[in-house]
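Biologist: Please show me the model, and let us then discuss its parts in turn.

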Amino acid sequence: MQAIQEQWNIKTGLAVTALIVLAAALPPQIVAQEQGIDVTLLGTGDPVPRVDRFGPAILVEAGEYQLLFDAGRGVTQRLRQLEISLSDIDAVFITHFHSDHLSGLPDLWLTGWLPPPFGRRSQPMRMIGPDGLSEILNGLRQAFDPDIQIRLVDEQLPPQGIEFDIREYSADGIVFDEEGVTVTAFAVDHGQYIKPSYGYRVDYEGRSVVLSGDTRFDENLIQAAQGADVVIHEVAAAREEMLAFDDRIQLILDHHTTPEEAGIVFDRVGPKLALYSHLTLLSSPDSPEVTVEELIQRTRTNYSGRLLVGEDLMRLEIGDSVSVYRFPY
Ligand SMILES: [Zn+2]
Ligand SMILES: [Zn+2]
């Protein structure tokens, strides 16, 4: 609440006491910074269908652009909570092809084409991701063709609005470069069979944020993240007794980064803020999941800088410093 008051106070110049009353009446509309980068965690979870952490999706606002990184379960609901029209997303970047990163995509694509104000896409949806993305999108197009054909003739929706504009890449490098906003893809190691898998770095006006994607401890990520203001990293953890509970637990952990390893990444990058998103917290009836406090404590074995565990709709403003706001703002 303290941070919320500070934010509103700065933006409106009004007294804090008045703002508490105003905050309840105003819609949760967010105002992007004129300079710098704003980041909103739309979903901080993994494949587990929980209600407090939706599927992986991160909104990055830089300059004129609203860029979405992955489209996990519930991405449309989260954008609506922010009162951002689905058609206002300028481009969607995909890290890899695990379903938890894609399962919200058909909803974003199809619902964003509908006539209400939350939709109304009339131009092709820009999609950027590693080789293989067009195959997935062609498959979606085929799967939903009956719906598309119905709406084209019945509601006369604009044909361009349901098209994809696809850019695929096959190596590290810049994948988006417009109006001073640069997005660089870098390969990460998510396991032997989980290829391709990439992370992204967004740069704008001297500010930068790195999104790890899904990865094990990875030197390439550390290199790509050098000088970044914010590093948003995935993390996975389970209690010792869980490993004995089921062989698959170790397999899952082997595809991800432990808090101790993430601590090494953060320490070697030295961002202004290190933040966890995509939390894989494995549990069983006999073994409760690792708590947020434990995640931080375990990370602290290797990293002493500013560190937060992400929550859905947590918002960062990356300027001279990094401000953090919890929802409702
Ligand atoms: Zn994932
Ligand atoms: Zn994955």
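This is a predicted model: local features need pLDDT of at least 70, side-chain atom pairs count only at pLDDT 80 or more; totals for chains, interfaces and linings use all residues.

Modeller: Residues are numbered from 1 along each chain as its sequence is written, and chains are lettered from A and ligands numbered from 1 in the order in which they are written.

Biologist: In which order do the eight strands of the open sheet lie?

Modeller: Helices (H or I, at least four residues) and strands (E, at least two) are DSSP runs, numbered from the N terminus. Two strands pair if DSSP finds at least two bridges between them. The pairing in this open sheet is mixed, and the order is 6-5-4-3-2-1-14-15.

Biologist: Which residue is the bridge partner of I37 in strand 14?

Modeller: Strands of a sheet pair through backbone hydrogen bonds, either parallel or antiparallel. Strand 1 (residues 37-43) and strand 14 (residues 315-318) pair in the antiparallel sense over four bridges. The partner of I37 is I318.

Biologist: Is P288 buried or exposed?

Modeller: P288 lies in the loop between strand 12 (273-281) and helix 11 (292-299). A residue is buried if 20 or more other C-beta atoms, placed from the backbone, lie within 10 Å of its own, exposed if 12 or fewer, and partly exposed in between. Because P288 has 11 other C-beta atoms within 10 Å, P288 is exposed.

Biologist: How many residues of strand 9 (residues 198-204) are buried?

Modeller: Y198, Y200, V202 and Y204 point one way from strand 9, whereas G199, R201 and D203 point the other way, and all are buried. Strand 9 is therefore largely enclosed by the rest of the structure, the count of buried residues being seven of the seven.

Biologist: Which residue in the turn between strand 9 and strand 10 has a positive phi?

Modeller: Strand 9 and strand 10 (residues 207-211) pair in the antiparallel sense over five bridges. The two strands form a hairpin with two residues between them. The positive phi, of about 50 degrees, belongs to E205.

Biologist: What is the orientation of helix 10 and helix 11 to each other?

Modeller: The axes of helix 10 (residues 259-269) and helix 11 come within 7 Å and cross at roughly 55 degrees. Axes are lines fitted to C-alpha atoms, for helices over the stretch in contact, and angles run from 0 to 180 degrees between N-to-C directions. Angles under 35 degrees count as roughly parallel, over 145 as roughly antiparallel, 65 to 115 as roughly perpendicular and the rest as oblique. The orientation of helix 10 and helix 11 is therefore oblique.
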